Amino acid sequence: MLETTKIIELFFKHLEIKNIPLGEVIFKEGEKGNTMFALIEGEVELFLNDKVVEIIYKNDVFGEGALVQLNHLRFTTAIAKTDCQIAELNKEKFLFLLQETPLFALDILRSLSSRLYHSLPYNN
């Protein structure tokens, strides 16, 4: 099965891949979100109340809540832990991927489910 970022790359080769240097803030907790991100290279830390709550690794997505929840405000602050390459998807591109590649939806659900599981107190 193709990884989520590979699906994104195949369908959106024209997507701008952004180079994010170590330490750069990608988004902040409380900001209005209207895009999600696919991590092509590198690692991203998600902070909540100045504490790292998750590390996002190559070939995963983050910030997808902005595209699936109404009037979404970011729950965390995302900061590049290493130099990163990311692709940004707006709602239009996200919906296209969901329609054209149902496996993309499954990957998004898998990513969200894993995050929820690992956030439970008895899994830490």
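Predicted model: local features only at pLDDT ≥ 70, side-chain atom pairs only at ≥ 80, totals over all residues.
Leaving out residues up to four places away in sequence, Ile-26 touches Ile-20, Phe-37, Val-44, Phe-62, Ala-78, Ala-80 and Ile-86. Ile-26 belongs to the largest nonpolar core, which has 13 residues. Within that core, Ile-26, Val-44 and Phe-62 are the residues that touch the most other members. Next, colour the strands that each supply at least two residues of this core: E2 (25-27), E3 (35-41), E4 (43-48), E7 (77-80) and E8 (84-90). A separate, second core comprises 12 residues, among them Ala-87, Leu-89, Phe-94 and Ile-108. In soluble globular proteins, nonpolar side chains tend to be buried together.

Now display the strands as a cartoon. Four of them form an open sheet in the order E2-E7-E4-E5, paired in the antiparallel sense. E2 and E5 (51-57) stand at the edges with a single partner strand each, so one side of each has no neighbour in the sheet. From one strand to the next, the twist averages 30°. Select Leu-46 to find its bridge partner in E7, Ala-78.

The last stop is Glu-43, a residue of strand E4. Beyond neighbours within four places in sequence, Glu-43 is in contact with Ile-55, Ile-56, Tyr-57, Ala-80, Lys-81, Thr-82 and Cys-84.

Conventions
Residues numbered from 1 in each chain as written. Heavy atoms only, no water. Core = buried A, V, L, I, M, F, W, Y, C linked by side-chain atoms within 4.5 Å. Buried < 20%, exposed > 50% of the residue type's maximum accessible area, 1.4 Å probe, protein only. Helix = DSSP H or I, 4+ residues; strand = E, 2+ residues; numbered from the N terminus. Contact = heavy atoms within 4.5 Å. Pairing = 2+ DSSP bridges. Axes fitted to C-alpha atoms, helices over the stretch in contact; angles between N-to-C directions.
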